[in-house]
Amino acid sequence: MSSASATLPTAQLWIEGTPRQSTTKKTYDVVNGGSQQVVGHAAAASSEDAIAAILAADKAQPAWEALPPRAKRAVFTKAAALIETPKYQQSIIAAMQQEISAGEMMAMANIMLSKSFFMDAAAMTTQLLGQTTQSDLLPGATVLVEKRALGTVLAMAPFNAPTGLVARAVVIPLACGNAVVAKSSEFAPRCAEIIVELLYEAGLPKGVLSLLHVSREDSPKVTEQIISHELIRHVNFTGGDRVGEIIATTAAKYLKPCVLELGGKSAVVVLNDCDVMETAKGIIMGAVANSGQVCMSTERVIVQREVSVPLLQTLTAIASTMKAGTEPTCPLAPLVTAAAAKRVAALLADAKERGGKLLVGDLTAQGAVLQPHIISDVEEDWPIWNQETFGPVFVVRVVDTEEEAISLANKTSYTLAGAIWTRNMDKGLKLARRIRASHVVVNAMTIAFESELGSHGLGGKSGYGRFDIDNFTQRRTVVLVSPAAASDGVYGLA
């Protein structure tokens with residue numbers, strides 16, 4: 001290892017509440033997609049490390065679940081305070097810039113998102129409520145129904161919101177009394193480590209949360225070993241639908257329940273009576289935020305014909321002023337890898353060859369840098385209509401009627417988010433209810449969700465399950481038969 005490489009940060013594994021190297025001493029390079037430079041290293045977890053992480057978490061889980069709600073709540077409220085301190089803000093800003101080229105605005109958004117999930121978790125600790133009833137089978141007996149932790153769960157979060165989504169992946173299960181083995185994104189291991197370090201500083205008992213970084217070549221093998229382990233009771237995964245299908249298949253093989261928040265292909269339906277400028281601004285922001293690398297990004301715009309010309313003119317004017325680049329001050333950052341940018345450019349070129357009209361962009365990628373693109377006159381059987389791009393790109397389709405617009409909005413395998421733009425709120429509400437997506441906004445961009453409701457798929461390529469109490473607890477029943485009732489012959493044997 002060169003002296004320059006030796007000075008780069010190395011993300012460590014966390015097992016039994018302490019950072020450590022891999023048992024093999026192996027690391028892998030973390031490469032910034034924009035600069036193509038090695039910006040850090042990560043301890044590459046082996047199968048032995050994965051098992052150690054599971055055993056440590058599972059050993060700590062019963063004591064963690066047994067803590068009173070106020071003790072758990074104190075950990076999460078302190079975490080919410082810590083993430084706003086200069087120590088953690090500066091660490092997150094630096095790590096996100098180094099690993100994924102994120103600007104300060106995106107880093108601050110991640111900080112606020114992480115804080116929101118910490119506060120949600122704090123509130124959840126007092127909501128694990130059970131119930132009591134009289135036994136229908138045993139006279140005089142009392143039935144207790146409790147919401148109990150699942151045990152130890154596997155949590156996997158993506159690179160695009162590398163502290164916020166790691167926070168959600170781990171603290172929602174933790175709030176329900178579970179222990180967690182977290183697997184970081186290979187592109188942002190240091191960002192994940194910061195959240196784990198913060199939670200332990202906030203008072204999380206040692207061992208309850210383990211963190212693994214796994215190299216790309218070892219990931220399929222190690223991930224299946226974790227999922228298949230008898231002590232892993234549940235899996236949550238946030239990421240693309242291709243990998244999500246693999247995770248779901250593997251989990252099904254071992255009969256493990258899942259929460260999967262996968263991709264999106266959010267549609268914006270624009271009605272004739274919309275405010276053109278506000279609509280255009282909302283569409284652009286929903287499409288280019290984080291360079292389009294958001295699962296709820298605007299990817300399809302379906303506009304009524306009467307307003308289509310002024311709207312497309314305004315969209316083109318705004319998008320033409322927005323530039324992507326590798327400089328930290330550039331409005332739009334590079335995509336996570338050059339391969340990702342090349343894939344999006346290929347989808348755009350395919351649409352152009354099929355007859356699409358290019359309104360903004362030049363169909364090229366410079367390394368991982370992809371400029372904003374708008375392409376109109378697309379058809380619903382084209383790849384660019386059906387595949388999540390995960391880039392600063394959207395397609396446009398002009399229609400005559402509201403019925404056509406809703407029908408096209410629902411012609412997708414994705415079910416994550418959508419939006420309606422109209423001055424008529426009554427009509428907006430009625431049409432929003434007809435879009436098959438878990439979260440539909442009237443007169444705002446598609447990237448939005450409410451605290452404790454979050455974003456989740458309704459099936460298909462957006463996945464299923466939610467980050468809530470019901471998905472990270474199980475109902476357990478205890479029936480209490482008093483000695484007196486038993487002696488009175490509840491079994492009919494008196």
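Is Ser-22 buried or exposed? I looked up Ser-22 and found it buried, with a relative accessible area of 2%. Buried means under 20% relative accessible area, exposed means over 50%, and partly exposed lies in between (1.4 Å probe, protein chains only).

**Ground rules.** I am reading a predicted model, where local features need pLDDT of at least 70, side-chain atom pairs count only at pLDDT 80 or more, and totals for chains, interfaces and linings use all residues. Residues are numbered from 1 along each chain as its sequence is written, and side-chain values use heavy atoms, with hydrogens and water left out.

**Ser-22.** I placed Ser-22 in the loop between β3 (18-20) and β4 (27-31). Helices (H or I, at least four residues) and strands (E, at least two) are DSSP runs, numbered from the N terminus. The side chain of Ser-22 reaches the backbone oxygen of Ala-44 at 2.9 Å. I then listed what Ser-22 touches, leaving out residues up to four places away in sequence: Leu-13, Ala-43, Ala-44, Ala-45, Ser-46 and Asp-49. Contact means heavy atoms within 4.5 Å.

**Ser-376.** Next I went to strand β18 (residues 373-376), where Ser-376 sits. Ser-376 is buried, at 3% relative accessible area. I set aside neighbours within four places in sequence and found Ser-376 in contact with Gly-356, Lys-357, Leu-359 and Val-396.

**Ala-192 and its helix.** I found Ala-192 in helix α7 (residues 189-201). Ala-192 is buried, with a relative accessible area of 3%. Beyond neighbours within four places in sequence, Ala-192 is in contact with Pro-162, Val-166, Ser-184 and Leu-211. I also checked His-213, 21 residues from Ala-192 along the chain; their C-alpha atoms are separated by 9.2 Å.

**α4 against α7.** Two packed helices are described by the angle between their axes and the distance between the axes. Axes are lines fitted to C-alpha atoms, for helices over the stretch in contact, and angles run from 0 to 180 degrees between N-to-C directions. How do α4 and α7 cross? The axes of α4 (residues 86-100) and α7 come within 8 Å and cross at roughly 165 degrees. I therefore noted α4 and α7 as roughly antiparallel. The cut-offs are under 35 degrees for roughly parallel, over 145 for roughly antiparallel, 65 to 115 for roughly perpendicular, and oblique for the rest. In α4, the residues that meet α7 include Tyr-88, Ile-92 and Met-96; on the α7 side, Cys-191, Ile-194 and Leu-198 are among them. By class, I read eight nonpolar, one polar and five charged residues in this contact of α4 with α7. Ala, Val, Leu, Ile, Met, Phe, Trp, Tyr, Cys and Pro count as nonpolar, Asp, Glu, Lys and Arg as charged, and the others, Gly among them, as polar.

**α8 against α9.** I found α8 (residues 219-228) and α9 packed at an angle of about 40 degrees, with axes 9 Å apart. That makes α8 oblique to α9. Thr-223, Glu-224 and Ile-227 in α8 meet Ile-247, Thr-250, Ala-251 and Lys-253 in α9. I read the classes of this contact between α8 and α9 as three nonpolar, two polar and two charged residues.

**Positive phi.** Most residues other than glycine have a negative phi. I noted Leu-255, not a glycine, with a positive phi of about 60 degrees. Leu-255 lies in the loop between α9 (241-253) and β12 (258-261). Leu-255 is exposed, at 77% relative accessibility. Asn-290 has a positive phi near 55 degrees. I placed Asn-290 in the loop between α10 (276-288) and β14 (298-304). Asn-290 is buried, with a relative accessible area of 17%.

Terms used. Polar contact = N/O pair within 3.5 Å; in protein donor to acceptor, adjacent residues only side chain to side chain.
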